[in-house]
Amino acid sequence: MFSVFVSAPNAEDPMAALELGERPEPAIADGWARVQVKAASLNHHDVWSLKGQGLPEDKMPMILGTDAAGIDEDGNEVLIHSVISSPGWTGDETFDPRRSLLSEVHQGTFAEYVTVPKQNLIAKPAELSFEEASCLPTAWLTAYRMLTKDSGLKPGDTVLIQGASGGVATAATAIAKAMGLQVWVTGRTEEKRAAAAANGAHQTFESGARLPGKVDAVLETVGEATWSHSLRSLRPGGTVVCCGATSGFNPPADLARVFFLQMRIVGSTMGNSTELAALMNLLKTTGIRPAIDKTLPLAEAKAGFQAMVDGETNGKIVFTI
Ligand SMILES: NC(=O)c1ccc[n+]([C@@H]2O[C@H](COP(=O)([O-])OP(=O)(O)OC[C@H]3O[C@@H](n4cnc5c(N)ncnc54)[C@H](OP(=O)(O)O)[C@@H]3O)[C@@H](O)[C@H]2O)c1
């Protein structure tokens with residue numbers, strides 16, 4: 001089957017590691033289901049995979065892609081929850097120490113077919129297109145948990161979202177607005193800030209700009225480039241929720257500020273299947289939808305990856321199959 005995959009990661013030049021071509025269909029294990037992929041969205045996770053992060057040599061070649069929406073073998077329209085827990089695990093999948101995301105241990109979604117445990121299939125609401133649904137399992141689910149579980153925010157509070165254009169950031173902007181928060185967003189270009197405003201931000205700022213006031217929480221996906229600004233922007237007792245560090249993993253800790261102003265720094269990863277179902281309900285009831293920057297046939301995946309590597313996305317990139 002036609003697939004987008006990696007067999008020799010390249011930390012310096014991830015695009016050189018990207019391969020398009022034929023791969024065997026994955027076998028269907030007991031209790032697993034085969035899904036015909038209709039749409040699959042790109043995440044920064046796929047760029048990390050090309051760089052070899054979290055992908056040991058014995059897992060190669062690996063089909064990329066964590067997210068998909070498609071049709072199961074009974075003809076149902078489904079969405080895939082990408083967190084695969086280990087056999088016998090019960091409870092929140094994200095706390096299973098042996099969990100993985102699709103494309104880390106099991107072959108990913110950038111292919112004609114993907115196999116997943118049956119419990120990871122969720123009915124796709126008719127209100128969402130395959131393209132929209134394919135944006136939810138990683139970026140949107142992560143943003144949903146960051147805001148609803150980890151941030152401690154209540155309607156009327158102010159949230160700062162760093163990095164206007166990212167998949168998680170665009171999801172967070174739309175969800176935060178729907179939650180009744182005051183939404184402030186930073187972005188590196190005028191075009192990205194304008195898109196954030198159109199997506200629901202009440203105010204947008206250049207990266208690192210002094211804000212009109214302190215915020216109750218910051219959503220961090222950028223890391224080194226924005227971390228100091230995040231801490232400077234937070235009110236005493238506020239919360240930084242961090243799920244990623246695209247620009248670098250080792251920002252200055254600024255521990256004196258953290259303890260003196262009693263800040264909370266909370267790590268956040270993905271979400272469980274109950275949260276994914278609740279997120280879909282939120283989209284149904286509020287009418288908010290993923291900001292999709294580009295929809296490309298899977299055969300043109302290189303253009304989508306290149307845009308993400310170059311930081312030239314503005315919302316989600318979706319591949320159709
Ligand atoms: N823990 C989890 O479960 C989880 C889930 C999803 C994502 N993540 C992580 O979260 C991060 C974002 O993922 P994504 O898929 O949303 O990525 P993406 O779509 O590629 O977004 C990139 C973002 O990074 C910002 N950025 C990059 N370099 C920057 C720099 N030097 N200065 C300022 N901003 C910079 C961009 O901001 P501008 O708009 O200003 O350009 C943009 O918002 C990744 O590191 C990913 O691995 C983690």
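**Note on the strands and pockets of a predicted model**

1. Strand β11 (residues 158–161) runs parallel to β14, and the pair is joined over three bridges. Within this pairing, L160 has V218 of β14 as its bridge partner. The structure discussed here is a predicted model, and each point below should be read with that in mind.

2. Strand β14, which spans residues 215–220, is mostly covered, since six of its six residues are buried. β14 also pairs with strand β15 (residues 234–242), again in the parallel sense, over five bridges.

3. The antiparallel case is found in an open sheet of three strands, ordered β2-β1-β4. β2 (19–22) and β4 (62–63) each have a single partner strand and stand at the edges, so one side of each is left without a neighbour in the sheet. Strand β1 (residues 2–6) pairs with β2 over four bridges in the antiparallel sense. In that pairing, S3 stands opposite G21 of β2.

4. The largest pocket of the model has a volume of about 1,300 Å³. Its lining comprises 50 residues, of which H44, W48, T221, G244 and T246 are the closest to the pocket centre. Two or more lining residues come from each of α1 (44–51), β8 (100–101), α3 (136–150), α4 (167–178), β12 (182–187) and α9 (301–309). The largest share, five residues, is contributed by α1.

5. Which domains each give at least three residues to the lining of the largest pocket? They are domain 1 (2–135 + 290–320) and domain 2 (139–267). Sorted by class, the lining of this pocket holds 17 nonpolar, 26 polar and seven charged residues.

6. The second largest pocket contains about 220 Å³ of space. It is lined by 15 residues, and those nearest its centre are W32, I84, S85, S86 and P87. By class, the lining of the second largest pocket consists of six nonpolar, seven polar and two charged residues.

Terms used:
Residues are numbered from 1 along each chain as its sequence is written. This is a predicted model: local features need pLDDT of at least 70, side-chain atom pairs count only at pLDDT 80 or more; totals for chains, interfaces and linings use all residues. Side-chain values use heavy atoms; hydrogens and water are left out. On a 1 Å grid over the protein atoms alone, a cavity is a set of points where a 1.4 Å probe fits but cannot get out, and a pocket is an open set with protein on both sides within 12 Å along at least five of seven lines; lining residues have an atom within 4 Å of a point. Grid points are joined across faces, edges and corners, and a volume is the space filled by probe spheres set on the points. Ala, Val, Leu, Ile, Met, Phe, Trp, Tyr, Cys and Pro count as nonpolar, Asp, Glu, Lys and Arg as charged, and the others, Gly among them, as polar. Domain bounds come from an automatic or database domain assignment. Buried means under 20% relative accessible area, exposed over 50%, partly exposed in between (1.4 Å probe, protein chains only). Two strands pair if DSSP finds at least two bridges between them.
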